[in-house]
Each structure stands twice: as C-alpha cells, then as structure tokens.
There are 2 protein chains.
Amino acid sequence: MDLKQIAKDTAKTVISYLTYQAVRTVIAQLSETDPPTALWLQQFSTRERVQDGEAYMQSLLQEKAALGFRILTVREHLANEICEFLPEMVQTGIQESNLNLRCQQLERMTQVMPDSTDATDTADTNRDDRPGNASAPETESEP
Amino acid sequence: MDLKQIAKDTAKTVISYLTYQAVRTVIAQLSETDPPTALWLQQFSTRERVQDGEAYMQSLLQEKAALGFRILTVREHLANEICEFLPEMVQTGIQESNLNLRCQQLERMTQVMPDSTDATDTADTNRDDRPGNASAPETESEP
C-alpha cells in the first residue's frame with residue numbers, strides 16, 4: 001500500500017472535482033448575466049472532459065482565456081473555503097457509512113437465522129444442509 | 001454558490017475514491033495470497049460501478065460479506081492516514097496548477113509578440129495594426 005501515491009492521487013481527484021464545481025458555478029453565474037457564453041461553456045464542457053481538470057483548463061484557456069482565468073480563480077476560492085472541513089467530513093462520512101453497512105449486513109445475516117432455527121425445529125436431521133448453516137460459514141470463511 | 005453543498009459533494013467524491021483505492025489495495029494483496037478471489041473481485045469491480053462507493057459496497061457485502069468487511073476496514077484506514085494531508089495538498093496543488101496555467105497562457109500571448117516586433121523592425125509604420133497589439137486586448141476583453 002503506497003500511501004504517499006494514494007494521497008497524491010486523491011488530491012488530484014479533488015482538484016479535478018473542484019474544477020468541475022468551479023465550471024458549474026461559472027455556468028450558473030453566466031446564465032444570468034450572459035446566457036450565450038453560458039451555453040458556449042456548457043457545450044465546451046460536454047465536448048472536453050472535465051474529469052481531467054488540467055487538460056480541460058489548458059483547452060479552455062486556448063479557446064477563451066478570460067473565461068479560463070475566471071474558473072481558475074473560482075476553483076482556488078472553492079479550495080480555500082472547503083478544504084479545511086474535508087478531513088473531518090470524509091473521516092466521519094466513512095465511519096458512518098461503514099457502521100451503516102455493517103449493521104445492514106448484520107441484519108441480513110440475522111434474518112436468515114430464524115428460518116434456519118425453524119428448519120431445525122421441524123426437521124432435526126440433515127443439520128449440515130440447513131440454509132442458515134450453509135450460508136453462514138460461506139461468508140465467514142472467505143479471505 | 002452553495003459552499004455547504006459543494007463541500008458535502010466533494011467529501012462524497014473523496015469517500016468513493018478511497019473506496020476505489022481500498023478495492024485496488026485488496027486486489028493487490030489477494031493477487032499474492034489468493035489469486036482466484038483477486039480475479040473474482042476484479043471482475044466484480046468492472047461489473048459494479050465503484051464510482052458510487054456506497055452502492056458498490058452494498059452489492060459486494062451481499063455477494064461476499066467477508067471481502068466487503070475487509071474493504072470497509074481498508075478504506076477507513078486510508079482515510080485516517082491521508083486525510084490530514086489533503087487540505088494542504090489540494091490547496092498547494094491548485095495554486096501551483098493555476099500559476100503554471102497562467103504562465104503558459106502568458107507565454108502563448110507573448111509568443112505572438114516577437115513576430116510583431118520583427119514586423120515592426122522591417123515596417124515601422126502601422127504600429128497599431130501589429131498582431132501582438134491586436135491579439136492581447138482581444139483575450140483580455142473577453143467576458
């Protein structure tokens with residue numbers, strides 16, 4: 001696990017995502033002040049892939065420099081405003097999501113159990129073929 | 001500009017990205033200890049979209065719970081290890097990228113200049129019609 005590389009790649013993903021959000025913000029602003037340019041930027045952004053923020057900005061600066069400069073300013077502003085909250089939001093988000101997913105899975109596993117107990121009550125033979133027993137080790141023994 | 005919503009959406013994007021990195025990490029580990037399961041997880045991850053980390057994890061937990069739990073643990077570990085560095089990496093990354101893009105654009109704009117200076121050397125009249133002069137305000141006056 002190359003933590004340094006993962007951290008770099010994650011930062012790059014966030015930068016591209018903030019570029020996308022900056023483009024959305026500028027399109028929203030322009031749609032009120034200058035609808036034709038808003039439309040142009042929207043069409044440009046469907047043509048050029050915003051997923052790679054760097055390549056997208058290079059193309060945009062070549063086509064409409066002033067619009068490109070404006071998006072650079074907006075994405076820097078976005079980064080300054082939200083970055084300090086990111087670590088806590090991500091860590092809390094993952095903890096909550098993990099807890100929910102684990103609980104859901106636990107509920108699913110315990111919902112199978114009553115069936116298997118019922119099955120044992122009615123047919124006490126063939127214990128190993130019980131659906132409950134068959135499915136539980138399957139999930140537990142996985143690597 | 002709804003900063004709160006943008007911050008939430010960015011955190012969600014980071015969580016999905018860390019889920020993807022956790023899946024990659026577990027595939028790499030399994031390819032050494034348990035190649036068949038590594039292959040299965042790889043194929044599962046091309047079938048199910050990792051882009052939505054939450055939906056992906058729900059499907060995985062239903063199919064192979066133990067593998068799902070392992071990925072939950074890895075993504076939580078990744079978040080704890082890299083999150084504290086993210087704000088600085090993203091902010092510095094955007095500042096550097098913005099500076100580079102602005103410099104590149106400035107270079108492109110000034111690369112037109114030398115031609116125009118050459119033109120001025122040979123023909124010193126029509127100063128205002130020089131391509132350098134003509135193109136500079138054009139890019140600056142854009143909306």
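**A tour of two interfaces**

Across the interface of domain 1 and domain 2 of chain A, the rule finds 5 residue pairs in polar contact, both residues at pLDDT 80 or more, a polar contact being a pair of N or O atoms within 3.5 Å, where within protein one must be able to donate a hydrogen and the other to accept it, and residues adjacent in sequence count only if both atoms are side-chain atoms. This is a predicted model, in which local features need pLDDT of at least 70, side-chain atom pairs count only at pLDDT 80 or more, and totals for chains, interfaces and linings use all residues. Residues are numbered from 1 along each chain as its sequence is written, chains are lettered from A in the order in which they are written, and side-chain values use heavy atoms, without hydrogens and water.

Next, select chain B together with chain A, where 61 residues of chain B are in contact with 59 residues of chain A. The two chains bury about 5700 Å² between them, 69% of it on carbon and sulfur atoms; buried area is the accessible area (1.4 Å probe) that two parts lose on being put together, summed over both. Across this interface of chain B and chain A, the rule finds 18 residue pairs in polar contact, both at pLDDT 80 or more.

How values were computed
Contact = heavy atoms within 4.5 Å.
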